[in-house]
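Here are a few exercises to work through with the coordinates open. Try each task before you read its solution.

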Amino acid sequence: MQNLKKIRLPRLIGNGMILQRNSSVKIWGWAPAGEVVSVRFKDQMCSVITANDGQWQVSLQTENAGGPFEMIIESSDGAERITIGNILLGDVWLCSGQSNMEMKMVSLQHVFPDDIVHAGNDAIRQFQIPVAYDFEQPHTDVESGSWEAADAVSVLNFSAAAYFFAAKLYEQYRVPIGLIQASLGGAPIEAFMSEDVLATFPDAAEEVQKLKDRKYLQSLSQGDQVNQEQWYHYVNQNDVGLPVGETPCYDPAFNASDWSSIPVPSYWEEEGLGSFNGSVWFRKEFEVLSDEPNLPATLELGNVVDEDTVYLNGVLIGTQANQYIPRMYTIPEGLLQSGENTIVVRVVNVSGKGGFYKGKPYRMQIGERSLDLSGDWQYLIGVKSGPIPEPSFVQWRPAGLYNGMIAPIVPYSLKGIIWYQGESNLNKPEIYQSLFPALIADWREKWGMGDLPFLYVQLPNYSEPSVCPVESQWAMLREAQRKTLAVPLTGMIVAIDIGESNDIHPVNKKDIGYRLALAAQRVAYKDDKVVASGPLFQFAEKIGKRMILHFNNTGGGLVVKNGDTLRHFAIAGVNQPFVWSNAIIENDCVIVWHDEIADPVQVSYAWADNPDAANLYNREGLPASPFSTV
């Protein structure tokens with residue numbers, strides 16, 4: 001695209017874009033007031049006079065999927081001409097939410113290596129919206145970005161859940177799939193909502209007004225920066241593993257014979273080191289065979305809380321400051337040596353427990369040989385500190401991400417929206433039941449495309465399983481998500497069987513994407529034959545001491561997975577606590593009872609942070625959603 005003097009386009013409208021097929025699509029931009037701008041696409045020609053505010057917009061009617069096509073945008077005198085090439089007509093999906101939607105394929109290349117190698121598909125393309133927030137007004141464009149087609153390299157930058165969603169849809173319909181990825185880890189739902197809709201939520205509305213004060217906003221940001229700098233300065237200056245003028249503990253010449261041992265993976269607080277933040281050094285020796293030093297090698301270190309810096313034979317091979325990203329480091333050629341080698345890892349923990357996630361892989365891959373590195377490691381406490389002061393997380397405040405990341409793409413025509421978010425609203429799950437439908441309604445109104453299909457992921461299982469029925473904020477938020485299905489043209493996938501007890505970012509994004517694609521087939525593509533969900537609770541009826549539970553989405557019928565006993569049903573009587581109950585399937589209903597509860601009033605299913613034993617499915621292999629009958 002040539003340098004322009006008059007006509008400017010938003011970054012979304014550029015080479016390689018995918019336009020929504022069989023739709024009225026908007027093409028827009030900016031030019032001097034009164035300038036006539038013409039847009040030519042296939043057999044259509046539209047002209048428009050730029051408004052006084054410098055904006056222009058035309059609508060084009062697209063046809064069936066296909067391409068590549070070309071679009072020409074030019075000024076009335078012909079002096080400026082923009083040619084946009086390699087345009088495809090297909091289905092465009094906005095992909096939004098927090099870190100589980102944001103999580104990129106590069107973080108999962110050790111999990112899905114074959115999918116990455118075979119990712120070449122010019123018909124699957126992504127536009128990555130850069131992170132931006134604003135509390136004063138909606139943005140009209142994004143700062144950077146371009147359309148990228150999926151291949152073995154570019155796919156590493158794709159949202160993993162969105163990529164698998166697109167791959168499954170392409171396999172089913174053979175039409176181009178465009179993904180607009182606009183997510184940010186840790187963001188609560190309020191950050192994605194416009195100021196208009198937040199006006200009905202007093203606490204958020206009040207905060208939005210405070211954030212419009214630039215001095216207040218600046219004080220928050222500066223306070224975070226000062227706190228962070230002071231904390232890291234103390235830790236780095238007082239770490240005994242980094243002695244000034246002496247041999248650092250990661251040097252091969254360092255004598256670590258007096259270091260004690262600790263199992264890896266583990267958290268040092270749980271291993272008797274004490275409750276503290278700061279830094280701890282870990283050291284492990286391993287043997288390299290005589291024919292292995294020149295073989296390709298990688299080091300996999302699971303997940304580290306919070307930051308790690310890794311040295312191999314005294315050489316820095318990598319560092320990562322985000323605990324949620326799996327550690328995978330490539331060993332530089334020539335660094336391994338025959339015989340004894342040494343890994344030293346400096347772990348910096350800013351708050352909570354420090355150490356290594358359990359249940360993750362810790363290994364060295366040398367050629368075809370996999371060397372397990374779990375077990376005893378030597379350790380040295382570098383420095384003890386209190387936690388870093390809690391950041392203000394300005395980027396997560398209400399309306400900020402809507403203005404910076406959603407508003408600039410609102411004119412772009414869509415097929416639908418996929419959404420994976422909720423973890424950051426667990427502190428007040430009861431409010432989510434109002435916030436979530438409000439966001440859906442707000443976005444649909446802003447796009448002006450009717451009831452855009454809105455598909456979302458119910459929160460997966462997480463944390464240690466409970467041995468008895470308990471209250472659960474995770475369950476409450478899942479319930480709010482389930483009840484949002486009352487909103488027309490929504491679809492929810494259940495994920496309580498593909499989470500991880502020790503990782504809020506489960507790696508199985510393939511099943512997430514595939515289940516979202518099933519929901520899309522049913523909701524967006526109107527395929528009534530597709531069973532797109534596991535069983536969903538409808539209503540309960542009481543007959544004597546028994547509660548009869550009715551479901552829809554039973555597909556080929558209700559089944560018990562992994563055994564002949566239904567689990568994770570709980571029942572309560574009047575003024576009685578929940579207890580685990582008996583449960584059987586009969587005529588695609590579930591009958592629940594407990595011999596000691598004569599007057600049952602409420603039943604719950606999979607009501608826990610991690611309902612790992614829940615095993616009600618349909619014959620299509622999809623799990624039932626957690627629920628409470630009240």
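Predicted model: local features only at pLDDT ≥ 70, side-chain atom pairs only at ≥ 80, totals over all residues.

**Exercise 1.** At what angle do helix 3 and helix 10 pack, and how far apart are their axes?

Residues are numbered from 1 along each chain as its sequence is written, and side-chain values use heavy atoms, with hydrogens and water left out.

*Solution.* 
- Step 1: find the elements. Helices (H or I, at least four residues) and strands (E, at least two) are DSSP runs numbered from the N terminus. Helix 3 covers residues 160-173.
- Step 2: take the axes, lines fitted to C-alpha atoms over the stretch in contact, with angles from 0 to 180 degrees between N-to-C directions. Helix 3 and helix 10 come out at about 50°, with axes 7 Å apart.
- Step 3: classify. That angle makes helix 3 oblique to helix 10, since angles under 35 degrees count as roughly parallel, over 145 as roughly antiparallel, 65 to 115 as roughly perpendicular and the rest as oblique.

**Exercise 2.** Look for the cis peptide bonds from G67 to P68 and from V264 to P265, and place each proline.

*Solution.* 
- Step 1: check omega. It's near 5° for G67 to P68 and near 10° for V264 to P265.
- Step 2: locate them. P68 sits in strand 6 (residues 66-75), while P265 is in the loop between strand 11 (260-264) and strand 12 (277-288).

**Exercise 3.** A399 has a positive phi, and so does D588. Is A399 buried or exposed? What about D588, buried or partly exposed?

*Solution.* 
- Step 1: read phi. A399 has about 75° although it isn't a glycine; D588, also a residue other than glycine, is near 60°.
- Step 2: A399 is in the loop between strand 22 (375-385) and helix 7 (400-406). D588 is in the loop between strand 31 (582-586) and strand 32 (589-593).
- Step 3: apply the cut-offs: buried means under 20% relative accessible area, exposed over 50%, partly exposed in between (1.4 Å probe, protein chains only). At 1%, A399 is buried; at 30%, D588 is partly exposed.
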